[in-house]
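Visitor: I am new to reading protein structures. Could you walk me through one, feature by feature?

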Protein chains: 2
Amino acid sequence: MARAHLAVIGGGQLARMMQQPAIALGLRIRLLAEGPDVSAAQVVADSVVGDHTVLADLEAVAEGVSVVTFDHEHVPPEHLRALAAAGHAPRPGPHALLFAQDKGEMRERLTELGVPCPRWAFVTSAEDVAAFGFPAVVKTTRGGYDGKGVWVVREPSDAEDALAAGVPLIAEELVDFRRELSAQVARRPGGEVARYPVVESRQANGVCAEVVAPAPDLDPALAEQAAALAERVATELDVVGMLAVELFETADGRVLVNELAMRPHNTGHWSIDGAVTSQFENHLRAVMDLPLGSARPLAAWSVMVNVLGGSVTDLEAQLPVALAAVPHAKVHLYGKAVKPGRKVGHVTVVGDDLDAVLADARRAAALLTDG
Amino acid sequence: MARAHLAVIGGGQLARMMQQPAIALGLRIRLLAEGPDVSAAQVVADSVVGDHTVLADLEAVAEGVSVVTFDHEHVPPEHLRALAAAGHAPRPGPHALLFAQDKGEMRERLTELGVPCPRWAFVTSAEDVAAFGFPAVVKTTRGGYDGKGVWVVREPSDAEDALAAGVPLIAEELVDFRRELSAQVARRPGGEVARYPVVESRQANGVCAEVVAPAPDLDPALAEQAAALAERVATELDVVGMLAVELFETADGRVLVNELAMRPHNTGHWSIDGAVTSQFENHLRAVMDLPLGSARPLAAWSVMVNVLGGSVTDLEAQLPVALAAVPHAKVHLYGKAVKPGRKVGHVTVVGDDLDAVLADARRAAALLTDG
């Protein structure tokens, strides 16, 4: 096998979808996969099975490769520093990734930068939670995702499970939000940034259900503010690669930062089919220090609907039904076994009529989810 | 390695570009590659090195796989029949592929169907060529491509090399053409057809240099005639997968069939970035008997320019220059060593202003070809 251009740690669907633009750009990926047949390992020629928490496994996949990037945020910071010391550049670097790994660090740093956040505090006891006030959202600083590690606390007893977990916690105000937005940028090592249009992200049960790009009826001034905020965060934190800033649009017309992700993000999947350069291609370009591609949309509207594990268990058998129903739908399956609520694919439709695009994307995704 | 959904014979750039939509649709490709590091073998997890002229190698890659498709037309028909007899469906089948493999068979069959062709005849001697008349184009019936196996014969001595080759030949009239067009369709086993817009193909030295989609200023009646002709040929010959019908648009406003290709074709590469469903995705859908996707263009104009081996020998080092020059260019590199005139990549630009799109695509491709 010839020399790889970059190592990708983690074999989920994000790594899988990086392979498509890697093929176009002639970039060879060496993958560290959790198993021989995980989502990305199915589609990458050069893959190694290993554990991202074991330094020797990271070193093995990075051997001879100068750039290392990620499918997820879970590589321990000390391992990232060891890779960097050995001449393999982790992108984003550990000093940046920390703020996507640890919500306490993220809140402290954003507050220091004057970036608008919900009111927040570290909490270690029932007294701290009571002092913060109710209602609140209590979160583990590390390891939470898709609604896990998050508790809505309306009275003291709601915080008991969180406090019993014995891990660092923060409390945040329960924001009265109109909707959730996501502002994505790609950033190269030298500072070049490409801004994607700000999108609306619609959640169900703490998981992203659908994304509309651009966010409908968004005040242009607020859109500019959100995009500029994402660019500033990427620059101040020295992010390399894609940054997603998940935002609350408040009832009184402000944006507050909810979460940061330093990798391609579910709220940017629409860009594969709806933008000149997808978030996956721009992530690769950014981490490889290649000039960024245009993030311009290809049509007035793009709608992405997730395919979450539902009553359809044989996706392969159901695929023809969805393809026949919506011939202009772009279906993306992740090669994963269906489990209830698990992200196993997504559908994107682009076009000029938002109602039609939304209806078509939902229809195709529903056929893949529940038949 | 889990069971593959289809086998692809041949590891060139067409197989490589099939892998991108295969990833999206969750289709696993098993590849028969000419070597361990050929273009498609670099990007497909399940690949086997072997020779497409050796039946045992074809059987090995088809083991347990019900559908077999192709990167090229060079698998011997008797091997295709043997695969079919053993329960592996070659798509297209040998009865169809024959007409893309053998120009004599193609001319006989199209003539029988009343499909407009240049005047033609089998020739075996100098007397036959003289009787056909000058000027003529003499072609080997098998194995020619990109200008090889083709002689323009203006006087008897011009046919000497061809006649000395000792292989079957045809002579064709030297058509007075305005330009070359290409009409592509995808066709499923049951007969469903998707038509792509008819494009203009511009050749240099017998090799496709650039493609404009749709063909500019094409009489709508002639465009319809060309697309209907491609659909009829696909149907009559029972093609499964993509069919490209290369056409001459004559000075007096007719279309004549030049060549047939039963696979994704260079004149359809624009569709990766310029159509809702690329020719590679619709080829996979067709051979897997999945409903076809919309072949609608995403913008008014798409221009594809080939990157042919030129003075740039280190494509990787030159890539940033091209990406920086045209941030909206879609660059596709094939992972192949640069040799003079060899197809090593292509660039597509889409947009509403043909002059700008053409200039941008040419500029990016020129930077990758000659710096």
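**Reading the fold and its charges**

Guide: Gladly! Keep in mind that this is a predicted model. Of the 371 residues of chain A, 60% count as buried.

Visitor: How many helices and strands are there in chain A?

Guide: Chain A has twelve helices and 18 strands. Its radius of gyration is 20 Å, close to the 21 Å from the globule rule for 371 residues, so chain A is as compact as a globular protein of that length.

Visitor: What about charges? How should I read a salt bridge?

Guide: Here is the general idea: side chains of opposite charge can pair when their charged atoms come close. In this structure there are 48 salt bridges over all chains.

Visitor: Which residue forms a salt bridge with A:Asp360?

Guide: That is A:Arg363, with an N to O distance of 3.4 Å.

Visitor: Is A:Asp360 buried or exposed?

Guide: A:Asp360 is buried, because its relative accessible area is 15% and the cut-off for buried is under 20%. A:Arg363, at 40%, counts as partly exposed.

Visitor: Where do B:Arg195 and B:Glu231 lie?

Guide: Their side chains meet in a salt bridge of 2.8 Å, N to O. B:Arg195 belongs to strand S11 and B:Glu231 to helix H8 of chain B, so this pair ties together parts that are 36 residues apart in sequence.

Visitor: Which residues are linked in a network of salt bridges?

Guide: Look in chain A: the linked residues include A:Arg178, A:Glu200 and A:Arg362.

Conventions:
Residues are numbered from 1 along each chain as its sequence is written. Chains are lettered from A and ligands numbered from 1 in the order in which they are written. This is a predicted model: local features need pLDDT of at least 70, side-chain atom pairs count only at pLDDT 80 or more; totals for chains, interfaces and linings use all residues. Side-chain values use heavy atoms; hydrogens and water are left out. Helices (H or I, at least four residues) and strands (E, at least two) are DSSP runs, numbered from the N terminus. The radius of gyration is taken over C-alpha atoms; the globule rule is 2.2 Å times the number of residues to the power 0.38. Buried means under 20% relative accessible area, exposed over 50%, partly exposed in between (1.4 Å probe, protein chains only). A salt bridge is a side-chain nitrogen of Lys or Arg within 4 Å of a carboxyl oxygen of Asp or Glu.
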